[in-house]
Amino acid sequence: MQPGVDSFTDRAFAAAEAFARQNKSFTVRRDAPAFSQGCSHRVVRAWWRGEPVVFKYYAYGNDDCRLREANALRHFTETPCLPRLVDDRLERALIMTEIDGEPLTAYESAGNATTLSSIWRQIGGLIAHMSRIPLSDGDLDAAHRLAADDMACAWNAHAAQPDFGTPVFERSLRLQEKHMREGMAMPLCLCDRDLNPGNVLSNGSKLSGVVDLESCRPGTIAEQAGIALYAVAAYPFANASPELLWNAFCDGWSEVTMMPSLQAVRVQCHRKVWATIHRDGVIRTDAPAPDWYVAPDSARIEEILRRCDALMGDN
Ligand SMILES: Nc1ncnc2c1ncn2[C@@H]1O[C@H](COP(=O)(O)OP(=O)(O)O)[C@@H](O)[C@H]1O
Ligand SMILES: [Mg+2]
């Protein structure tokens with residue numbers, strides 16, 4: 001995307017240019033297209049003291065996303081393959097180093113099984129490594145609060161939306177209630193809740209990194225593994241089965257640390273599936289859904305749950 005594409009992109013470029021006027025070591029790369037993956041924010045490419053960086057402009061909402069992403073970049077500062085925070089003093093933006101590579105979405109229809117399995121193995125290693133960086137005990141309350149809130153929002157969505165009120169969905173909620181404890185009793189970590197192929201960058205079969213850490217929140221290693229399972233189940237690749245990719249992920253993870261029990265991972269994957277239905281808490285009993293909320297297709301969601309259960313050996 002170049003300036004002129006939409007007003008958010010224009011604002012992002014204007015903010016980056018304003019910063020460049022005050023900082024001579026920062027230059028906007030107008031010749032390079034700006035990145036845009038989802039619909040959320042705008043990412044402008046730039047140079048900082050001769051190094052490629054990105055200027056991520058937070059187009060919507062309050063400051064939460066920017067603060068969470070800055071916090072996560074600090075937390076993972078020693079971890080290879082993640083961007084380094086360059087400047088966090090801007091009002092609506094962060095500047096971070098650029099990870100060289102293209103998003104895994106480019107492999108959806110064309111990637112071959114060997115390349116994809118190698119990349120997912122490296123993702124397993126990286127995510128396991130990230131999940132081993134401890135959080136303080138003070139984050140335990142936050143992790144429990146988030147889990148309880150997710151559960152309440154999921155029940156709300158189940159009650160409010162007939163498509164998600166069927167027995168299949170009720171079973172998923174009961175499963176979570178029954179086994180949630182197990183996943184929550186594991187080591188705490190800062191969970192990347194938005195691990196998806198658009199946020200994973202690679203150079204050929206070499207993983208170059210993971211970006212978009214604005215959804216990182218306190219959780220447990222079972223939650224992090226469950227989110228990875230969700231990524232495998234929800235974003236299928238034409239030439240590589242979910243089994244192949246999940247096994248590759250587990251191999252990479254197991255080189256770094258032990259994989260939590262299948263039941264705990266499965267339950268946390270169900271939890272993540274529900275988070276996509278209630279959109280991280282927008283469906284609540286005490287407030288109407290915002291205008292922008294569009295319920296996901298329930299048949300597709302059922303299919304994701306089925307894939308998750310099949311991968312965990314339970315049809
Ligand atoms: N540090 C980075 N290095 C390289 N590319 C990046 C970086 N940050 C973001 N991108 C690119 O910009 C896209 C959108 O940025 P992202 O942080 O994912 O924002 P959004 O929240 O809108 O998805 C990413 O999918 C990726 O292609
Ligand atoms: Mg993204």
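**Domains, sheet and helix packing**

Colleague: Is Arg49 buried or exposed?

Modeller: Arg49 is exposed, because 11 other C-beta atoms lie within 10 Å. A residue is buried with 20 or more other C-beta atoms within 10 Å of its own, exposed with 12 or fewer, and partly exposed in between, C-beta atoms being placed from the backbone. This is a predicted model: local features need pLDDT of at least 70, side-chain atom pairs count only at pLDDT 80 or more, and totals for chains, interfaces and linings use all residues. Residues are numbered from 1 along each chain as its sequence is written, and chains are lettered from A and ligands numbered from 1 in the order in which they are written.

Colleague: What about phi of Arg49?

Modeller: Phi of Arg49 is near 45°, a positive value in a residue other than glycine. Arg49 sits in the loop between β2 and β3 (51-57); strands (E, at least two residues) and helices (H or I, at least four) are DSSP runs, numbered from the N terminus.

Colleague: And Arg279, which loop is that in?

Modeller: The loop between α8 (262-277) and α9. Arg279 is not a glycine either, yet has a positive phi of about 50°. With 17 other C-beta atoms within 10 Å, Arg279 is partly exposed.

Colleague: Switching to the sheet. What is the strand order?

Modeller: β1-β2-β3-β5-β4, an open sheet of five strands with antiparallel pairing. Strands pair if DSSP finds at least two bridges between them. At the edges are β1 (26-28) and β4 (85-87), each pairing on one side only.

Colleague: How many bridges join β1 to β2?

Modeller: Three, with β2 covering residues 42-48. Val28 has Ala46 in β2 as its bridge partner.

Colleague: Now α6 and α9. At what angle do they pack?

Modeller: About 120°, with the axes of α6 (residues 221-234) and α9 (residues 298-311) 9 Å apart. Axes are lines fitted to C-alpha atoms, for helices over the stretch in contact, and angles run from 0 to 180 degrees between N-to-C directions.

Colleague: Which residues meet there?

Modeller: Leu229, Tyr230, Ala233 and Ala234 in α6 meet Ile304, Arg307, Cys308 and Leu311 in α9. Contact means C-beta atoms, placed from the backbone, within 7 Å.

Colleague: Last one: where are the domains?

Modeller: Domain 1 is 7-97 and domain 2 is 102-311, with bounds from an automatic or database domain assignment. The centres of the two domains, taken over C-alpha atoms, are 26 Å apart.

Definitions and conventions. Contact = placed C-beta atoms within 7 Å.
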